[in-house]
Protein chains: 4
Amino acid sequence: MLEQLKREVYEANMELVEKGMVIYTWGNVSGIDRENSLVVIKPSGVDYDVMKPEDMVVVDFDGKVVEGNYKPSSDTATHIVLYKNYPDIGGVVHTHSTWAVTFAQAGMPIPALGTTHADYFYGDIPCTRDLTQQEIEEAYELNTGNVIVETIGTCNPMAIPAIVVKNHGPFAWGKTPAGSVYNAVVMDKVAEMAYKTMTLNPNVSRVQQFLLDKHYNRKHGANAYYGQGSEEH
Amino acid sequence: MLEQLKREVYEANMELVEKGMVIYTWGNVSGIDRENSLVVIKPSGVDYDVMKPEDMVVVDFDGKVVEGNYKPSSDTATHIVLYKNYPDIGGVVHTHSTWAVTFAQAGMPIPALGTTHADYFYGDIPCTRDLTQQEIEEAYELNTGNVIVETIGTCNPMAIPAIVVKNHGPFAWGKTPAGSVYNAVVMDKVAEMAYKTMTLNPNVSRVQQFLLDKHYNRKHGANAYYGQGSEEH
Amino acid sequence: MLEQLKREVYEANMELVEKGMVIYTWGNVSGIDRENSLVVIKPSGVDYDVMKPEDMVVVDFDGKVVEGNYKPSSDTATHIVLYKNYPDIGGVVHTHSTWAVTFAQAGMPIPALGTTHADYFYGDIPCTRDLTQQEIEEAYELNTGNVIVETIGTCNPMAIPAIVVKNHGPFAWGKTPAGSVYNAVVMDKVAEMAYKTMTLNPNVSRVQQFLLDKHYNRKHGANAYYGQGSEEH
Amino acid sequence: MLEQLKREVYEANMELVEKGMVIYTWGNVSGIDRENSLVVIKPSGVDYDVMKPEDMVVVDFDGKVVEGNYKPSSDTATHIVLYKNYPDIGGVVHTHSTWAVTFAQAGMPIPALGTTHADYFYGDIPCTRDLTQQEIEEAYELNTGNVIVETIGTCNPMAIPAIVVKNHGPFAWGKTPAGSVYNAVVMDKVAEMAYKTMTLNPNVSRVQQFLLDKHYNRKHGANAYYGQGSEEH
């Protein structure tokens, strides 16, 4: 079942390796079949170099395995929370990419310092609060999803399709599994640029609002004029 | 038309990927046919791995497409300003290369700290001022070109063939499209060296003027003695 | 003799090159045949690109060569101390990987700042004290092993299977030679993340104890639920 | 003439590219035929990917070209000063490798902070003083050699076979052209480790003298016990 989506999810997972976002079995990408509310996700702890499209696991909105020979990613519950809350997203990714983890461990948002950031994220990429001991012990992965949703609040999740979870690492999402990986790669790159800028000039200030507006809007929305018309991730 | 120039511009764009200056569709290189005042530039938002020489877009000095199946780079107006103001340049490049962006976001020039810098740039690589809200909203890409020209002022644009645009990123130029990319790669490398030097020794001072003179002049100008006689970019 | 173990040790040594942990002849991995108390280790100073499985050297618990055409690694005595003291380990590795050496030279433990760390190391990766002049001059490699054992004290060596030796570099261990290399690679990655976090935010605090517990325990021990059941290194 | 030495010098130059020490035409390696006091050196400004062994240039101790179709490296005079002053060296290399340049631009020696450094360099890798305007204008490359010799003074040049020239970059030497490149690569690696250590812990102190002695002496000299007996570079 869902052969096409399995292939997309598989390829998006392999792209994480290709782009240097993961080592060993780290990271996981999922995709969703909205019609049937079924999520296809990477199996837990399987090496990328032996993984095949048919190893992807199909789970329902309760996290129960519908099809698959493996256990799904241990972070599956987090992915499902995001799919339930954000009907526009078609793919979710979690990595431990170095620069995004740096901000997660520092407990800091990735600030919007320039146009590279503004081209993809309409403002700072937020950092969640600490989870409480109770939240961690009772339902860790579910509550990781919940704290992401709490942090985003009433903002449009497609305007800043990424977040860092405190002391943990980045999650990103997109219209498709491949789109979520694209956003995760760009997040890590803007995190790298922000780290280097902030250590070079500790008094740096954010990009001006109208420059942020200009760059974001020339790539996104009704009046976008970057690209050939299909650049949205 | 302009098949040879299209190939040069295509190859210079691909060199950006080869040298690690860009990811995804970032960056753009152009070249100029001075006789006809026609600029050949990368199409906007097209993936490097599918791009072909014939996809390059030909525009006139008003930015109007003369030939091509794609929309030209969204930064085309900036390139044209540079060609109009600097008759000696044959190629222009814009990237979001990490180290140069670091200085752009920090709002700082890339200081001339050593001979690696002096071999190519006769002094600091400047950083532009902020654009005003009006400049951004009325004609962003045109005014990006204008603020570059304003910053360079009466200096010789070939003596320091690069700049960082504040909160945005680097532009570089050269005698040819390939030469502009060469200068962009060296700019990023000297930016990297400057960052590391400044974070290791915050009290660092600039290279002595006579050492800067010596290195710049042994590679450039009438009495140059580096190389076999054809090293100018 | 011990052909299978020699191959495992050889492959684990080559993995150090593959993962960028060593240059030239740096680094060494060993494995142990517990039944006969024989250690198989990389020969000293042999280039990785000419090394073959049969070049691995077999030594006994006194460090005497039992079989082999080469001298064993100069760090052999350190490996033996670890095997003698920790009956659960099957492989030991020493490298000069950059990020772990950074903490060794700084004389600082690699602090547990996030879940990437907690997934593999149940707390800070410790840094040993300085060896005394007498310890260095009398039996340097033996005493390097001894100071590691002294630093770990009564802790479980498998809970934090790695250490940095002050002003020197990292040692790691695992259930197998390959497992020890795995732990050395992860140590270097979490050291990189810790360095970047601490230079971005000098006031950073450690990951909360209950988040450390959660991540460590979901991958290790009786109630682990990460992976397909065979992820222990 | 000197076909064997030309090949060695050529291969040592290509090794600079392989090891990431140079980009474009940067860097140069030479070797010497002591019997005839002839130096073989890379041609100036020739691309590595078209360079051939027969392009190496033969010069005498006055820097005059004895054989070759190209002009020799612009740094030839510096190499010759080193060969004249240090009869034990058989190869010299100059690069603009990033980490060593960082210390050159910072005007700081590369401090001996750990055993990685001590394995190859018996103490800090020194940084020269500024050249005077007169020294630069009258005979720049010759005086670069002279200031290196002045800085090393009465020390044994083989005990610390490398230096950084202030605001310029590293020079290294060795028993052979390949050995000089080996030392240049290790210098850049220990410079990287020193930078990271010093930015992590600004109060770091040098490796203890007896640990420096131990590591240096286990690899070098009469009582060395690292390797199989031929590790000297």
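Visitor: How many residue pairs are in polar contact between chain D and chain C?

Guide: A polar contact is a pair of N or O atoms within 3.5 Å; within protein, one has to be able to donate a hydrogen and the other to accept it, and residues adjacent in sequence count only if both atoms are side-chain atoms. Between chain D and chain C, that gives 19 residue pairs, both at pLDDT 80 or more. Keep in mind that this is a predicted model: local features need pLDDT of at least 70, side-chain atom pairs count only at pLDDT 80 or more, and totals for chains, interfaces and linings use all residues. Side-chain values use heavy atoms, with hydrogens and water left out, residues are numbered from 1 along each chain as its sequence is written, and chains are lettered from A in the order in which they are written.

Visitor: Which elements of chain D give two or more residues to the side that touches chain C?

Guide: Helices here are DSSP runs (H or I, at least four residues), as are strands (E, at least two), numbered from the N terminus. On chain D they are α4 (115-118), α6 (177-200) and α7 (209-219). The largest share, 13 residues, comes from α6(D). By type, that side of chain D divides into 16 nonpolar, 11 polar and 9 charged residues. Ala, Val, Leu, Ile, Met, Phe, Trp, Tyr, Cys and Pro count as nonpolar, Asp, Glu, Lys and Arg as charged, and the others, Gly among them, as polar.

Visitor: And which salt bridge joins Asp75(C)?

Guide: The rule wants a side-chain nitrogen of Lys or Arg within 4 Å of a carboxyl oxygen of Asp or Glu. It finds 2 salt bridges across the interface of chain D and chain C. In one of them, Asp75(C) meets Arg218(D) at 3.1 Å, N to O.

Visitor: How much area do chain D and chain C bury between them?

Guide: The size of an interface is often given as the accessible area lost when the parts come together. Buried area here uses a 1.4 Å probe and is summed over both parts. Chain D and chain C bury about 3,000 Å² between them, 55% of it on carbon and sulfur atoms. In chain D, Leu200(D), Phe210(D) and Gln228(D) lose the most area to chain C, together 22% of what that side buries. Counting contacts (heavy atoms within 4.5 Å), the interface takes 36 residues from chain D and 35 residues from chain C.

Visitor: Now chain A and chain C. Which residues of chain A lose the most area there?

Guide: Chain A and chain C bury about 3,000 Å² between them. In chain A, Tyr24(A), Trp26(A) and Gln105(A) lose the most, together 23% of what that side buries. The salt bridges number 2, one of them pairing Arg218(C) with Asp75(A) at 3.1 Å, N to O.

Terms used:
Buried area is the accessible area (1.4 Å probe) that two parts lose on being put together, summed over both.
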